[in-house]
Amino acid sequence: MKLLTHNMLTSNIIKGVTKGYPLKIECQQIEIVETEFNKEFLEKMIPKIDYGVLCRAADQIGHLGDLPKVLPETSDYNEEFMKELHRVLLKVEIKEGNLVCPETGRKFPVSNGIPNMLLNEEEV
Amino acid sequence: MFETPDFSHLRDKEFSEVYEPAEDSFLFLNSLEDEFDYLAKIKPTIVLEIGCGSGIISTFVKRLFPFSFCICTDINSSASKAAVISAARNLVDLNAASPLEDRLSGKVDLLLFNPPYVVTPDEEVGGRNISAAWAGGEKGRRIIDKVLPHVPNMLSPLGVFYMVVIKENNIDEIEEKMRIFNMKMTCVRSTRTGPEFLSVLKFTFDRS
């Protein structure tokens, strides 16, 4: 699971949970995967992500690196920033661990890189 | 124009619980190929496939648009594993698209759904194994009807939704349901295969 996917997941599917965002990450295994860099894609993605959540998640798992904690002005999207954003969004892959609902503590296992968000009937 | 992804690994025993690509999958691939010029103009950034099964559709889309973020979901976790192997990578196991819906609201440029459309008794709907891949209950519409109301919320303004159906699903009724959300429907391709008359439907916001 990439941090980009994490950025899009909520646990408000659980009965009684209102926001369920962001999910906490408990990480057991991380892999760095090579993915092709594309500036245009990243530029289009920036307005769609919650940048603060991305930085906190990366920090939590020790992979923030040189990514600035505050989103720079559009005119300051230099190459160094784009490369760091690319790395954090698309190259850091959580292979094993858990996503934890911030309101109930319910754990969603991540196994083989796939988060399992399936709920039992009584939880819905 | 584009090569069909290799899915020979699905013959392995490990994937006996995964829906193997069949006529419906291939009709879907051909339809997306037909739509390539249209989609290339939209330049999809976020692609979501609901119920990806083996992942053949998303793998193909990723080939058409290498710089898109493709998220796949499935209720059957062994289907998800097959899809990882077939390189459609960003997988989430879930019941519907719901844990993604809040954050993806208004952002999905391309939404894909090959639903469980087969007419079956209602009791067969909603398992977590391979029958979830086809059992559609009354008119084959039980799952389709759950997903449809979420579509307009998920799509970006120029977003497009493609779905496979059979004649028994009652295409006119589906068109009517989506018109309420100001979405217009067209049929991209149809084919008859054995007892099934399959179509791939396309939905976009009516901007007229």
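Why does Phe108(A) count as buried? Its relative accessibility is 0%, so Phe108(A) counts as buried, a term that means under 20% relative accessible area with a 1.4 Å probe and protein chains only, with exposed meaning over 50% and partly exposed in between. This is a predicted model, in which local features need pLDDT of at least 70 and side-chain atom pairs count only at pLDDT 80 or more, while totals for chains, interfaces and linings use all residues. Residues are numbered from 1 along each chain as its sequence is written, chains are lettered from A and ligands numbered from 1 in the order in which they are written, and side-chain values use heavy atoms, with hydrogens and water left out.

**Chain B overall**

- Chain B has eight helices and seven strands; helices (H or I, at least four residues) and strands (E, at least two) are DSSP runs, numbered from the N terminus.
- Of the 208 residues in chain B, 55% are buried.
- Contact means heavy atoms within 4.5 Å; among contacts in chain B between residues at least 6 apart in sequence, 67% join residues at least 24 apart.

**Helix H3 of chain B**

- Helix H3 of chain B (residues 56-64) is largely enclosed by the rest of the structure, because seven of its nine residues are buried.
- The buried residues of H3(B) are Ile56(B), Ile57(B), Ser58(B), Thr59(B), Phe60(B), Val61(B) and Leu64(B).
- These buried residues pack against helix H1 (23-34), helix H2 (36-42), strand E1 (46-50), strand E2 (69-74) and strand E4 (108-113) of chain B.

**The interface of chains A and B**

- In the interface, 25 residues of chain B are in contact with 29 residues of chain A.
- The two chains bury about 2,500 Å² between them, 61% of it on carbon and sulfur atoms; buried area is the accessible area (1.4 Å probe) that two parts lose on being put together, summed over both.
- One salt bridge is counted between chain B and chain A, the term standing for a side-chain nitrogen of Lys or Arg within 4 Å of a carboxyl oxygen of Asp or Glu.
- Lys43(B) and Glu40(A) form a salt bridge, with their closest N and O atoms 3.2 Å apart.
- On the side of chain B that touches chain A, the elements giving two or more residues are helix H4 (77-85), strand E3 (90-93) and helix H5 (98-104) of chain B.
- H5(B) supplies the largest share of that side, six residues.

- Phe108(A) lies in strand E3 (residues 107-111) of chain A.
- Arg106(A) is in the loop between strand E2 (92-100) and E3 of chain A.
- The side chains of Arg106(A) and Glu123(A) are joined by a polar contact of 2.7 Å.

**The largest nonpolar core**

- The largest nonpolar core has 90 residues, and Leu85(A) and Tyr162(B) have the most contacts inside it; such a core is a set of buried Ala, Val, Leu, Ile, Met, Phe, Trp, Tyr and Cys residues joined through side-chain atoms within 4.5 Å.
- Strand E5 (residues 155-166) of chain B gives the most to this core, with eight residues.

Note on methods
A polar contact is a pair of N or O atoms within 3.5 Å; within protein, one must be able to donate a hydrogen and the other to accept it, and residues adjacent in sequence count only if both atoms are side-chain atoms.
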